[in-house]
2 protein chains.
Amino acid sequence: MKLRVVVTLKNGVLDPQGKAIQHALGSLGFEGVADVRAGKIFELEVADDTSDEQIDEMCRKLLANTVIENYRVERQ
Amino acid sequence: MKLRVVVTLKNGVLDPQGKAIQHALGSLGFEGVADVRAGKIFELEVADDTSDEQIDEMCRKLLANTVIENYRVERQ
């Protein structure tokens, strides 16, 4: 079973990488970029009998830092 | 206009971060994780009149290293 886990910073958490990209896009001549937020994506190939609870635990224990990050699991 | 740009390593490019995560999941007791690939995701807020060509150029010039990475633009 293929999964996509998307990890993004929570609203209100500063994102210096996103800000740097936003400014770099401006410097390259791209106008009108109002905001950039950077995140991570993990594509996992797991056993078909993996339960939702196990997937959730993987995210909470390893893939995301739930203090500052949100995660979202997308099944494919 | 909100965009999501998903940047992933091309097939055949070694992904040490993904391998490390895969092994760490195994160490944590999660069985059956056959593969993990790590990638990046950028959420952009751009002007509504931004053309597809401009978005493509942003990806090629800054967001993705097209030698080793693929990118995919998702409109929201």
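Analyst: Let's start with a term: two strands pair if DSSP finds at least two bridges between them. Keep that in mind for this predicted model, where Gly39(B), in strand 2 of chain B, is the bridge partner of Ile41(A).

User: Happy to! What makes strand 2 of chain A and strand 2 of chain B a pair, and in which sense do they run?

Analyst: The requirement is at least two bridges, and 13 bridges join strand 2 of chain A to strand 2 of chain B (residues 33-46), so the two strands pair. They run antiparallel. Another of the bridges links Val46(A) to Val33(B).

User: How do you know that strand 1 of chain A and strand 2 of chain A pair?

Analyst: By the same test: 7 bridges lie between these two strands, again in the antiparallel sense, and at least two are needed, so they pair. Within this pairing, Val7(A) stands opposite Lys40(A).

User: Why are the two copies said to be related as by a two-fold rotation axis?

Analyst: In general, two copies of a chain are related by a rotation about an axis and a shift along it. Here the rotation is 180°, the shift along the axis is 0.0 Å, and chain A lands on chain B with an RMSD of 0.0 Å. The copies are therefore related as by a two-fold rotation axis. The same surface serves both copies, since 97% of the contact residues of chain A recur in chain B. Of the residues of chain A, Lys40(A) comes closest to the rotation axis, with its C-alpha at 2.2 Å.

User: What makes Arg4(B) and Glu74(A) a salt bridge?

Analyst: The cut-off is 4 Å between a side-chain nitrogen of Lys or Arg and a carboxyl oxygen of Asp or Glu. The closest N and O atoms of Arg4(B) and Glu74(A) are 3.5 Å apart, so the pair qualifies. Between chain A and chain B the count is 2 salt bridges.

User: Which element gives the largest share of the side of chain A that touches chain B?

Analyst: Strand 2 of chain A does, with 14 residues. That side divides into 19 nonpolar, 5 polar and 10 charged residues.

User: How much area is buried between chain A and chain B, and which residues of chain A lose the most?

Analyst: About 2700 Å² is buried between the chains, and carbon and sulfur atoms give 66% of it. In chain A, the residues that lose the most area to chain B are Phe30(A), Ile41(A) and Glu43(A), together 21% of what that side buries. The contact takes 34 residues from chain A and 33 residues from chain B.

Terms used
Residues are numbered from 1 along each chain as its sequence is written. Chains are lettered from A and ligands numbered from 1 in the order in which they are written. This is a predicted model: local features need pLDDT of at least 70, side-chain atom pairs count only at pLDDT 80 or more; totals for chains, interfaces and linings use all residues. Side-chain values use heavy atoms; hydrogens and water are left out. Copies are superposed by least squares on the C-alpha atoms of residues with pLDDT of at least 70 in both. Contact means heavy atoms within 4.5 Å. Buried area is the accessible area (1.4 Å probe) that two parts lose on being put together, summed over both. Helices (H or I, at least four residues) and strands (E, at least two) are DSSP runs, numbered from the N terminus. Ala, Val, Leu, Ile, Met, Phe, Trp, Tyr, Cys and Pro count as nonpolar, Asp, Glu, Lys and Arg as charged, and the others, Gly among them, as polar.
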